[in-house]
Amino acid sequence: MSLEAEFNQYAEKVKSLKQATNDDLLVLYGLYKQATIGDVNIACPGLFYQKDRAKWNSWNGYKGKSKDEAMTDYITKAKQMLEAAGLA
């Protein structure tokens, strides 16, 4: 299975997670955006948009990471979360 196919498979699987921490979800979000789009390409949201700002900060934290690295890290994090939830 190719890396991209495995990445897409885990991206679908994590949608079944019912209990995940915000921190874990932000990690997945940042890695997903880095893998699919690349470095952050939008301005940082203002202070009154805390949720959007947290997501932006997560994505920006992976700036410079290659697509393949981001996909691999996403798969690793998704596996950990699914195992912890008993869904792996």
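**How helices pack**

Author: Happy to! The crossing of α2 and α4 is left-handed, meaning that the near helix is turned anticlockwise from the far one by less than a right angle (clockwise would be right-handed). Helices here are DSSP runs of H or I with at least four residues, numbered from the N terminus. This is a predicted model, where local features need pLDDT of at least 70, side-chain atom pairs count only at pLDDT 80 or more, and totals for chains, interfaces and linings use all residues. Residues are numbered from 1 along each chain as its sequence is written, and side-chain values use heavy atoms, with hydrogens and water left out.

Reader: At what angle do α2 and α4 pack?

Author: Axes are lines fitted to C-alpha atoms over the stretch in contact, and angles run from 0 to 180 degrees between N-to-C directions. Helix α2 (residues 22–36) and helix α4 (residues 67–84) pack at about 155°, their axes 8 Å apart. That makes α2 roughly antiparallel to α4 (over 145 degrees; under 35 is roughly parallel, 65 to 115 roughly perpendicular, the rest oblique).

Reader: And how is α2 oriented to α3?

Author: With helix α3 (residues 50–60), the angle is about 60°, so α2 and α3 are oblique to each other.

Reader: Is Gln-34 buried or exposed?

Author: Buried means under 20% relative accessible area, exposed over 50%, and partly exposed in between, using a 1.4 Å probe and protein chains only. Gln-34, in helix α2, is buried at 2%. Contact means heavy atoms within 4.5 Å, and Gln-34 touches residues including Trp-59, Tyr-62 and Ala-70. Its side chain also reaches the backbone oxygen of Tyr-62 at 3.4 Å.

Notes
Helices (H or I, at least four residues) and strands (E, at least two) are DSSP runs, numbered from the N terminus. A polar contact is a pair of N or O atoms within 3.5 Å; within protein, one must be able to donate a hydrogen and the other to accept it, and residues adjacent in sequence count only if both atoms are side-chain atoms. Lists of a residue's contacts leave out its neighbours within four places in sequence.
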